[in-house]
Amino acid sequence: MLLFLGSFLATLLHAVLMFALAPLLAGLVATLRARLLGRRGPPVWQPYLALRRLLAKTTLVPETATALYPLWPFVAFAPLAACALLVPGFSTGMITAPLSDFITLIGLLALARAAIVLAGLETGFAFGGAAAARDVLFSVFAEAALLVVLLSFVLLAQRATVDDIATVFASGHVGLSVSLGFALAAILAVALTEAGRIPVDNPAGHLELAMVHEAMLLEYSGRFLLLFEYAAMLRLLVWMSLIGSVFCPFFMARADAPWTWPLGLLCWAAKLCSGAVALAVFEISTAKMRVFRVPEFLSVAMLLGVLAGVFLFVAARIGT
Amino acid sequence: MSLDYPLAHLLGGVMLLCAFSLLSQRRLAAMIALYQIEALALTAAAFWQGFAQHAADLYLTGLITLVIKAILLPYGLREIVQRFNLIRAIETALPVGLSMIIGVGLIGVAVLVVLPVTVRAVSLTREDLAIALSIVLLGFLVMTTRRNALAQVLGFLSTENGLVLAATGMPGMPFVAELSVAMLVLLAFLVVGVFLLRIREHFDTLDLVGIEDIERRGR
Amino acid sequence: MFGLPGQGMHLRVDALSLLFLAILVPQVAASAIAGMGRSVTFWVFIAGMVCALLAADAFTLIFGFELMSAASWLLVLRGDRGPASLYVGIAMFSAACLVPALFLPAGSLAFVLVLLGAGAKAGLAPLHFWLPRAHPAPPAGVSAVMSGGMVKVALYVIIRYGFVEYGAAAQPWWGAALIAAGAASVLLGSLRAMLEVELKTLLAGSTVEHVGLIAVGLGVALRAKAMGDPALAALALQAALLCAVAHGLFKPLLFLGAGAVKAATGTTSLDWLGGLMRGMPRAGGLMLVGAAGMAALPLGPGFAPEFLLLHAVIGAAGTGGILARIGFTALLAALGLSAALALGAAVRLVGIGWLGRPRSLHAAAAGEAARPVLAGMALLAACCVPVALAPGFVLALMRPVILLLVPAAQPAPLAYAPLWLAVLVFGPAAAAFLLLQKFARRGAREVPVWNGGFGRPPAWLPFGDPLTQPSATGFAAPLRRALSTDLLPAAGDPSEVFLYLPLLRLHMRVTRLAERIRRSTIRERLAFVFGALVMFLLALGLEQGG
Amino acid sequence: MSFCLLAVIVPLLGAPLLGLLGTAGQGAWGNLVLNGVIFALTLLAFADPGAGLIHADTLGLVFGALTGFVGLTTAAANIAFVRAGAATLSLRRWRVYHAMCQVLLGSILLGLYADNLGLLWVAVEGATIAGTLAVSLPRTASALEAAWKYFILGGAGIALALFGTMLVYLAAQPAAALGPGLQAMSFAALAANAGKLDGALLTLAFVFLLFGYGTKAALVPLHGWLPDAYAEGPAPVTTCLSGLTLNVALIAILRFRHLMQANLQAGGDALPPGPFLLTLGLASLLLTAFSLSRRRDARRFFGFSSIEHSGLAVFAFGIGGAAAIFGGILHMLLHTLVKSALFQALIQAAALRGDVAPGGFGFAHLRGLLHGNRWLGWLLGGCVFALTGLPPSGLFVSEFIIVSQTIQRAPLVSLPLGLGLLLCAIAIIRNIGPLVFDPPPARTVSAPASPALALVALHLALTFLAAFLMPGFLVLLLSQIASALQ
């Protein structure tokens with residue numbers, strides 16, 4: 001009974017932190033980008049101000065919207081919130097651990113993406129349709145690469161849930177291997193595509209023709225736009241936590257051992273900050289790709305994933 | 001009975017010669033004359049077989065062959081030739097030389113097929129059968145190498161003579177077969193007569209070219 | 001008695017045929033309610049399928065199989081005469097392959113023939129080119145049961161002969177062949193589903209994709225069983241059978257919806273639809289359930305089978321040599337690609353067809369679907385709920401079938417618990433709704449669409465200038481440019497270009513030859529007879545002389 | 001006076017009667033009455049098959065009854081044909097036409113019931129001559145050409161058959177029991193002591209007989225005469241009745257095959273007959289598979305389909321074994337029923353469209369029959385569908401038996417067989433769409449159904465019952481025949 005109480009508290013803490021820190025992380029990345037470019041940049045808590053502004057704004061509903069117009073923001077936000085609860089942040093072994101199967105995560109991300117695309121098509125206006133088509137194009141290659149990367153993880157850890165993968169990788173007997181390097185490169189490419197960061201889509205850009213993620217939300221305003229913005233921030237945090245917990249799962253706390261939580265929280269914060277810095281540096285060093293170069297970029301990621309699987313086979317033969 | 005075998009063989013040989021030379025003829029009148037000789041030889045063979053096998057019905061067959069095939073049919077055919085004034089030569093589908101070579105080949109096939117088959121049978125019937133089969137095949141060859149309707153009918157009648165020769169060669173062949181052979185000739189003549197009059201009505205020539213281009217248009 | 005003179009026909013029911021009958025029941029009921037109940041040919045079609053499923057001997061199976069094809073041919077013919085003869089040609093080709101297979105001794109040749117015959121009927125690549133042409137032709141109720149049921153009967157034959165009849169003589173390469181065909185179908189089917197503009201052709205393409213998924217599941221199971229790994233075989237079989245059940249529910253639902261759209265607007269081309277949700281809200285809602293199944297989204301009916309299949313393929317990637325590893329990795333990439341394509345197709349179907357602004361007057365004036373059609377669709381949607389939210393329960397029902405096919409298997413419990421996931425999804429959603437209700441500014445103001453600054457549309461285009469709207473072809477254009485230039489040659493499906501058209505040209509050449517023989521003159525025909533006679537005599541002479 | 005003899009004599013006596021008196025209509029009714037009597041006689045023949053020259057075995061009796069029945073239904077369809085096409089022929093020609101119907105029927109029954117080889121040959125020859133005269137009745141050039149082709153090819157075939165018959169007689173000479181005379185020409189006697197015949201001569205005879213009766217059974221390459229004979233001349237006699245002559249020739253081939261097989265099994269040095277029959281059967285199947293697709297005339301199209309089905313029957317006999325022969329015989333029975341029903345329906349359709357002359361049977365004329373007359377449309381569609389061999393049609397059962405036997409006894413040959421059947425079925429089924437469901441040509445009138453359609457429906461029902469619900473006694477009868485002729 002005590003064990004259950006411990007992990008329940010850990011999950012509660014994890015949830016609160018996830019929902020609270022999402023805008024902070026987005027703000028941190030934006031500020032770091034500005035500073036690296038020599039500008040003062042907005043304060044780190046700017047996203048919170050933006051969300052509060054949207055709370056107060058009135059919601060405008062276009063005439064040609066159908067009855068499902070108010071539904072899509074919630075269908076976009078809910079799966080990402082579920083992912084936030086499933087992906088281990090500072091500790092493993094939470095009560096949501098058995099549910100956190102990698103394929104369920106991929107499904108939830110796909111559901112969120114579908115909702116945003118449908119929101120783009122909701123009012124039937126030009127930019128929404130074009131952006132939706134591009135988003136589907138990128139998702140086709142991204143999902144293929146993601147599944148191949150997942151194969152490497154499952155073959156290494158012999159487990160399917162993210163939680164178990166993290167604990168097995170943490171136990172150290174896996175060691176550094178070439179295939180994990182390929183897998184990291186591949187999953188980073190996919191993460192950048194999914195989160196809509198620089199090489200694929202410019203989060204800060206305002207040119208409708210170039211937008212992918214932003215253009216689908218042009219018809220939304222007020223509280224619905226708030227939900228979409230918040231969902232985007234949550235997605236960035238989910239991806240960072242996922243990559244962090246899989247690729248450096250060391251010193252992660254155990255849900256049922258409260259004394260390990262402070263160290264876990266510290267590590268998690270360090271991982272997020274280093275992730276933000278890395279993302280900011282990467283974003284200012286590369287330009288946004290042309291739309292039809294992104295499929296090649298993701299095909300390279302997929303091939304890296306395949307190579308990872310093949311090298312695992314070779315390593316397994318030589319190693320054991 | 002030593003005379004029995006060589007005489008039947010001789011008459012068979014005469015018929016084979018007529019059938020073979022039918023291949024080379026270009027003029028209808030000559031083909032009809034050859035057919036008449038063949039029919040006469042057949043009559044003689046039938047009478048001779050009747051005498052050799054002491055079978056009365058072979059005499060009747062010989063009589064029928066004489067009356068119908070040796071006399072009536074050539075007369076009818078010459079009548080047709082006169083009506084359609086077919087004096088000029090009829091062109092053949094195959095060059096004559098080639099059809100002669102094929103004719104020899106056919107005789108070879110007939111011999112190849114018949115000889116091992118009847119090794120146990122009486123040698124008379126074996127020789128007779130080989131000749132009869134050769135005449136049938138040669139008659140067929142005439143039918144396939146002539147464009148003129150009348151020439152085809154002559155080929156058919158020559159084949160038919162080969163059959164009667166084979167029938168007379170079979171000892172004890174029941175009378176039923178004889179009647180049927182006769183009926184075939186009778187009706188063949190009737191039908192051919194009706195046809196040639198009608199062809200005359202439609203194509204005003206005996207040549208099958210008219211009929212062949214109908215086929216080529218195809219339906 | 002009825003059947004072969006002297007032997008009659010024998011029927012029997014076992015777990016496998018009971019499962020496939022269960023798959024048939026809801027979709028037949030739905031399409032009967034939706035208006036197909038009155039047609040006699042429809043019931044003959046159903047009788048053929050049931051007879052094929054319950055067949056105990058070869059004659060009954062082929063009788064049912066061909067009766068099903070004959071009845072559906074008549075329905076396709078009444079719908080649209082174009083693809084009817086292609087359809088019946090493939091149906092007869094599949095029977096022509098099955099009949100020899102059932103009389104040959106159990107072995108590789110027999111299984112290849114079964115694979116060829118049943119694969120042609122099920123729409124497995126490379127023999128799938130007829131399916132997107134023939135299935136849209138008949139009325140919606142019939143194409144629903146054709147895509148949902150008839151395809152399953154063909155797969156039933158593969159399962160019956162792959163696992164039960166030839167079970168002992170099974171070899172691993174049988175599974176590999178089935179996986180290869182399945183993977184090709186998945187890729188080509190999902191690509192066709194994404195690129196087609198006609199609604200029913202799009203759904204037929206998605207049928208080819210789901211047949212591919214089931215075939216991959218069966219292939220992995222067959223290979224695992226042949227290599228002596230019953231656990232993986234059970235997992236793959238669960239994936240395949242659950243996918244068959246789920247597809248048998250949401251595909252007929254989508255087809256009935258397409259039929260309702262055709263009845264309401266007179267067209268099924270997505271470029272002429274749009275904004276149907278306004279005119280047909282209830283049918284639209286039910287289509288959403290179907291589209292969720294087609295896109296395999298979590299909490300939808302399609303996700304559990306996809307979940308199991310991916311786990312089975314990942315499990316299979318661990319077994320076998322380097323070739324198997326590369327093959328299965330590529331297969332995983334293909335499955336991921338086609339899952340995203342299916343998602344794109346579903347989103348395109350719902351987004352372009354049902355949301356947005358109408359692109360034609362018919363679409364604008366579309367009235368709600370007829371009540372029986374809605375009743376049929378509602379029945380299927382209701383059946384989708386247990387598969388979506390309680391797949392564990394459905395798999396427990398299927399346990400006897402799995403044990404029949406893989407005797408030594410202990411099916412593992414399902415790792416995907418949709419009910420708990422629903423809690424995790426709806427919890428935060430409800431919380432967000434309440435928070436917004438409390439803190440955000442309530443109410444909403446109706447304003448004209450901003451539409452990137454375009455002015456208000458002119459009076460004669462009340463629902464906006466179609467040029468400023470996304471269209472179905474436009475939505476698929478980036479993918480067509482990125483993917484299909486090499487996969488899908490311009491002339492259409494690759495199997496059509498490299499398999500069907502060359503055979504058609506060969507048939508034309510031989511027909512011309514036969515025509516020349518038919519046009520020969522009397523003399524030439526006599527020459528044929530004479531030549532044949534001389535050849536036979538020569539053969540005889542050499543035979544006896546030698 | 002056995003009923004078999006009576007059944008043969010009645011039509012041969014009726015022929016001159018119809019040939020000399022009565023108008024076209026009276027001739028048609030006379031035909032109907034005569035055929036009714038003949039049908040009754042063929043049924044009674046089961047009780048007393050008779051002895052001597054005309055003594056039918058069970059196979060002959062079964063097909064005799066079938067011939068009687070089809071003759072009756074054709075005579076019924078003939079009435080509509082005569083009424084619709086009264087103007088096409090002169091009075092004298094109508095009388096010749098009705099006489100030829102009776103002569104054809106008489107020769108067919110003689111061919112089925114004759115136990116003597118010579119009589120069988122005379123019957124087939126009579127059928128050929130009657131057919132030739134019937135085809136040549138209409139005064140068109142193409143009818144004349146078809147008749148000329150029919151005569152030359154038929155005559156050549158007949159000559160070969162006669163030569164074969166003589167060789168069989170010769171082969172029976174050394175057999176101690178038979179000796180010269182009628183005894184050596186009777187099927188029953190020959191079959192009884194087949195072992196003692198001279199095998200090599202019998203094989204040579206079989207080649208000639210196969211070519212002779214193969215011409216009459218329209219096997220490729222001997223089929224030249226059939227498509228044009230079917231397409232020209234008055235419809236009922238040149239299609240329905242000449243369809244029955246195919247059965248006579250096929251049964252003759254089956255009987256001679258049995259002689260060869262019995263001689264082979266009894267240790268004689270006859271060659272196995274299988275390869276000969278398989279070659280001709282497959283040739284027929286494959287050539288028609290590719291000749292069916294470009295036909296514009298319905299009667300010529302279904303003529304080719306008859307070539308295909310007789311090829312399939314010969315193929316089944318070539319496979320050998322009781323089951324395959326059972327399948328072959330069942331296939332002949334069912335095909336005769338379906339094909340005659342189909343032609344009768346076509347005659348009704350042409351009568352509906354007003355032009356029963358040979359030109360009136362083009363597919364373009366007969367388009368969209370469903371709008372002309374619902375019953376006729378559905379029944380004609382049903383008949384054409386029954387030809388394809390898809391399940392609701394009875395031919396599915398016989399083709400299933402043949403294919404399954406082929407796979408078990410000669411697997412390699414099943415590949416071309418499957419291909420041939422598949423292509424033929426596709427070519428046939430492609431015509432149902434335009435024939436029944438297309439919009440009709442302009443200015444066509446729709447007319448109520450004529451009673452003869454009920455007979456067409458009766459044919460289809462019989463086909464279904466005979467195939468799927470075959471009564472016990474018929475199964476016993478056919479399997480006895482099959483095992484006897486193994």
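Q: What share of the contacts in chain D with a separation of 6 or more comes from residues 24 or more positions apart?
A: Residues 24 or more positions apart account for 81% of these contacts in chain D, where two residues are in contact if their C-beta atoms, placed from the backbone, lie within 7 Å. The structure is a predicted model, in which local features need pLDDT of at least 70 and side-chain atom pairs count only at pLDDT 80 or more, whereas totals for chains, interfaces and linings use all residues. Residues are numbered from 1 along each chain as its sequence is written, while chains are lettered from A and ligands numbered from 1 in the order in which they are written.

Q: Why is C:Ala296 called buried?
A: C:Ala296 has 27 other C-beta atoms within 10 Å and is therefore buried, since that word applies from 20 or more such atoms, exposed to 12 or fewer, and partly exposed to what lies in between, with C-beta atoms placed from the backbone. C:Ala296 lies in the loop between α12 (281-294) and α13 (303-318) of chain C, and has a positive phi of about 55 degrees although it is not a glycine. In chain D, 72% of the 486 residues count as buried.

Q: Why is A:Gln158 called exposed?
A: A:Gln158 has 11 other C-beta atoms within 10 Å and therefore counts as exposed. The residue is in the loop between α5 and α6 (162-170) of chain A, and its phi is near 55 degrees, a positive value in a residue other than glycine.

Q: What makes C:Gln171 partly exposed?
A: With 16 other C-beta atoms within 10 Å, C:Gln171 is therefore partly exposed. C:Gln171 sits in the loop between α7 (140-165) and α8 (172-195) of chain C, and, leaving aside residues up to four places away in sequence, it touches C:Ser108 and C:Ala226. The C-alpha atoms of C:Gln171 and C:Ala224 are separated by 9.7 Å, although these residues are 53 residues apart along the chain.

Q: How do you know whether α3(B) is roughly parallel or roughly antiparallel to α6(B)?
A: The axes of α3 (residues 56-83) and α6 (residues 149-169) of chain B come within 12 Å and cross at roughly 175 degrees, which makes α3(B) roughly antiparallel to α6(B). Angles under 35 degrees count as roughly parallel, over 145 as roughly antiparallel, 65 to 115 as roughly perpendicular, and the rest as oblique; the axes are lines fitted to C-alpha atoms, for helices over the stretch in contact, and angles run from 0 to 180 degrees between N-to-C directions. Among the residues that make the contact are B:Leu58 and B:Ile80 of α3(B) and B:Val164 of α6(B).

Q: Which chains have the most contacts among the four pairs that touch?
A: Chains A and C have the most, with 73 residues of chain A in contact with 73 residues of chain C. The largest share of the side of chain A that touches chain C, 20 residues, comes from α5(A). That side divides into 50 nonpolar, 14 polar and nine charged residues, where Ala, Val, Leu, Ile, Met, Phe, Trp, Tyr, Cys and Pro count as nonpolar, Asp, Glu, Lys and Arg as charged, and the others, Gly among them, as polar. By contrast, no contact joins chain A and chain B, whose closest C-alpha atoms lie 56 Å apart.

Terms used
Helix = DSSP H or I, 4+ residues; strand = E, 2+ residues; numbered from the N terminus.
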